[in-house]
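Please walk through the model below with the sequence at hand, moving from single residues in loops to the core and then to the ligand.

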Amino acid sequence: MLRRSLLKFLVATPLGRMAAGLAAALASAVAIYLDLLQIDVKRRDRETGGGELYLPYPRLRGSVSVEEALANRRSVREYREEPLTIEELSQLLWAAYGISETTHGLRTAPSAGAQYPLELYAVVGERGVKTGDGYLAAGIYYYNAHSHSLTLRKPGDFREELYHAALEQTWVLKAPVSLVFTAVYHRTTRVYGERGRTRYVPMDLGHAGQNVYLQATALGLGTVAVGAFYDEEVSRILDLPPDETPLYIMPVGRPLLSYRLTEKELIQYYQRRRATR
Ligand SMILES: Cc1cc2nc3c(=O)[nH]c(=O)nc-3n(C[C@H](O)[C@H](O)[C@H](O)COP(=O)(O)O)c2cc1C
């Protein structure tokens, strides 16, 4: 009887309908929150499974201007057989997707609704990264942006497997380190729906990818954004969970040849173009 009159109140009166709507909204908010909590706990377990390796703190000053980095950035596919230093790797990871605001933990790359759908890994080759007293163990490392640390996810040199997965592009085999960006699409699609998938996540990736390019250039390193690879193969090599999709592989190394654009060269280019219009 009580249930019937409650139901009648909820369905038949405007106040009841509003109360029912509010209750439904609250229930779905709680469900989403619990869902997120669950995802977060699982992800944290996965991240900290192998022990954390704290990276040197990133530098916030450098000697190369933004203009110089923009002018001298090229996709670099040939590297010297030399390791990166742990400081260089630290700086690249921070530039890619590190923390640049400490109230809300905002990042170096803009992100639609600050949802930060990307994850970042470093595939480190044998003797690929020099530390103070030796080399970082070869392996696949997960980047924890908030503690600026790495977690070893899989020991071993996976560059050859990654090279095969990337249609045998030799720069993936030869680079001492490859950064791999992945995306957890639902972080963005739950807010923006399909537009999040088709537009915002790729845009977020572009921003972070360009950060890697510019930071690499400023450090005298070279990189190339590699989008051509077999998704399933890369997911298998990185042991990605089902909700994570690999998007970019960015091999990084010391360029065999350096690229420099001079102002004179650029001005002459514009003058030639202007003369033929
Ligand atoms: C979405 C995207 C995917 C790319 N995929 C590859 C790739 O699989 N292999 C590669 O060698 N370069 C790849 N590139 C790099 C482009 O070839 C390169 O940016 C272009 O030739 C212009 O040269 P620049 O980067 O030196 O200006 C990719 C670039 C973008 C933006």
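His-148 has a relative accessibility of 7% and therefore counts as buried, since the cut-off for that class is under 20%. In this predicted model, His-148 is placed in the loop between β6 and β7, the latter spanning 149-155, and its phi is near 45 degrees, a positive value in a residue other than glycine. Most residues other than glycine have a negative phi. Arg-127 also has a positive phi, of about 55 degrees, although it is not a glycine, and Arg-127 sits in the loop between β3 and β4 (129-131).

What does the side chain of Arg-187 reach at 2.8 Å? It reaches the backbone oxygen of Tyr-116, and the side chain of Arg-187 also makes a polar contact with the side chain of Glu-119, at 2.6 Å.

Turning to the chain as a whole, the secondary structure comes to 10 helices and 10 strands, and 42% of the 277 residues are buried. Among contacts between residues at least 6 apart in sequence, 72% join residues at least 24 apart. The accessible surface of the protein chain comes to about 16,000 Å², and carbon and sulfur atoms account for 56% of it.

In soluble globular proteins, nonpolar side chains tend to be buried together. Here the largest nonpolar core has 60 residues, and those that touch the most other members are Leu-89, Leu-92, Leu-162, Leu-179, Phe-181, Leu-238 and Ile-249. At least two residues of this core come from each of several helices and strands, including α4 (86-97), α5 (159-165), β8 (177-183), α9 (231-238) and β10 (245-253), and the most is given by α4, with 8 residues. Leu-162 shows how such a position is connected: setting aside residues up to four places away in sequence, Leu-162 touches Val-123, Val-172, Ser-178, Val-180, Val-234, Ile-237, Leu-238 and Ile-249.

Leu-167 lies in the loop between α5 and α6 (170-174), and with a relative accessibility of 43% it counts as partly exposed, because this value falls between the limits of 20% and 50%. Beyond its neighbours within four places in sequence, Leu-167 is in contact with Ala-228, Phe-229 and Tyr-230. Leu-167 and Ala-228 are 61 residues apart in sequence, yet their C-alpha atoms are 7.1 Å apart in space.

Ala-228 leads on to the ligand, as it is one of the residues that surround it, among them also Arg-73, Arg-74, Ser-75, Arg-77, Gln-169, Trp-171, Ala-225 and Tyr-248. By class, this shell has 6 nonpolar, 3 polar and 3 charged residues. Ala-225 takes part through its backbone, with an N or O atom 2.9 Å from a nitrogen atom of the ligand. Taken alone, the ligand exposes 620 Å², and the protein buries 55% of that area.

Methods: Residues are numbered from 1 along each chain as its sequence is written. This is a predicted model: local features need pLDDT of at least 70, side-chain atom pairs count only at pLDDT 80 or more; totals for chains, interfaces and linings use all residues. Side-chain values use heavy atoms; hydrogens and water are left out. A nonpolar core is a set of buried Ala, Val, Leu, Ile, Met, Phe, Trp, Tyr and Cys residues joined through side-chain atoms within 4.5 Å. Buried means under 20% relative accessible area, exposed over 50%, partly exposed in between (1.4 Å probe, protein chains only). Helices (H or I, at least four residues) and strands (E, at least two) are DSSP runs, numbered from the N terminus. Contact means heavy atoms within 4.5 Å. A residue is near a molecule or strand if one of its heavy atoms lies within 4 Å of it. A polar contact is a pair of N or O atoms within 3.5 Å; within protein, one must be able to donate a hydrogen and the other to accept it, and residues adjacent in sequence count only if both atoms are side-chain atoms. Accessible areas come from the Shrake-Rupley method with a 1.4 Å probe; for residues, only the protein chains shown count as cover. Ala, Val, Leu, Ile, Met, Phe, Trp, Tyr, Cys and Pro count as nonpolar, Asp, Glu, Lys and Arg as charged, and the others, Gly among them, as polar.
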